[in-house]
Structures are given as structure tokens and as C-alpha cells.
Amino acid sequence: MCRNIRVLHNFEPPATDAEVHEAALQYVRKISGAARPSKANEDAFARAVAEVTASTRVLLDELVTTAPPKDREVEADKARERARERYAR
């Protein structure tokens, strides 16, 4: 899994459209193997990002959980601590 794609489900406040779009962009970049598409592939790339964004939004809107929402700052602190430990080696 691409490390730049973050969990977007069950946060308070919910994931923004920009966060969903960024995750879709990272996904399309990863599976296409291109950070930037060539001119010939620009339309297909943009269409794929739009479709993945829409599908992701539908998924996030339909997911159900009984777990309490996670706090973004607490999760960010945990991620920073994991990174600190990983890169301290």
C-alpha cells in the first residue's frame, strides 16, 4: 500500500473533499506508475482520478461503524512517533 494514502474513515470531522481527492490522486499515481501523466494520457489520468474520488466518497459515506470517531491530532501524533522510531534506527 502506498504510504501516502491515509485512512479517511471514522474521523471527526469527516474527511474533506480535498483529502478524498488527494488519496485518489495518490492511488492513480501508484497504479499508473506515473507521478505526472504524459500529454497523451492526461485525459485518462484525470478521468481516473475523478472516478476514484467519487467512488471513495460514496464508500466513506456508506461505511458504518460502532467505534467512536478518531481524533485527527491524536492519530497524527501517533504517526509522528512511529516515524520518529522508524527513522531513528
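Q: Which residues form the positive surface patch?
A: In this predicted model, the patch is formed by Arg6, Arg82, Arg86 and Arg89. One of them, Arg82, is found in helix 3, residues 72-87.

Q: Why is this surface patch called positive?
A: Arg counts as positive. Arg6, Arg82, Arg86 and Arg89 form the patch, so the label follows from the rule on charges. A patch also needs residues with over 30% relative accessible area and no salt bridge, with like charges joined within 9 Å.

Q: What makes Arg57 and Asp17 a salt bridge?
A: Their side chains meet at 3.3 Å, N to O. The rule asks for a side-chain nitrogen of Lys or Arg within 4 Å of a carboxyl oxygen of Asp or Glu, so the pair qualifies.

Q: Where in the chain do Arg57 and Asp17 lie?
A: Arg57 is in helix 2 and Asp17 is in helix 1. The two are 40 residues apart, so the pair links distant parts of the chain.

Q: How many salt bridges does the rule give?
A: The count comes to seven.

Q: Why is the second largest pocket called a pocket and not a cavity?
A: A cavity is a set of points where the probe fits but cannot get out, whereas a pocket is an open set, so the name pocket tells us that this space is open. About 270 Å³ of space lies in it.

Q: Which residues lie nearest the centre of the second largest pocket?
A: They are Ile5, Leu8, Ala23, Thr56 and Leu59. The lining has 15 residues.

Q: Which helix supplies the largest share of that lining?
A: Helix 2 does, with five residues. Helix 1 (17-32) and helix 2 (42-62) each supply at least two.

Q: How do you know that the peptide bond joining Glu12 and Pro13 is cis?
A: Omega is about 0° there. Pro13 sits in the loop between strand 1 (11-12) and helix 1.

Note on methods. Residues are numbered from 1 along each chain as its sequence is written. This is a predicted model: local features need pLDDT of at least 70, side-chain atom pairs count only at pLDDT 80 or more; totals for chains, interfaces and linings use all residues. Side-chain values use heavy atoms; hydrogens and water are left out. Patches are made of residues with over 30% relative accessible area and no salt bridge: like charges are joined within 9 Å, nonpolar side chains (Val, Leu, Ile, Met, Phe, Trp, Tyr) within 5 Å. Accessible areas come from the Shrake-Rupley method with a 1.4 Å probe; for residues, only the protein chains shown count as cover. The place of a charge is taken as NZ of Lys, CZ of Arg, CG of Asp or CD of Glu. Helices (H or I, at least four residues) and strands (E, at least two) are DSSP runs, numbered from the N terminus. On a 1 Å grid over the protein atoms alone, a cavity is a set of points where a 1.4 Å probe fits but cannot get out, and a pocket is an open set with protein on both sides within 12 Å along at least five of seven lines; lining residues have an atom within 4 Å of a point. Grid points are joined across faces, edges and corners, and a volume is the space filled by probe spheres set on the points.
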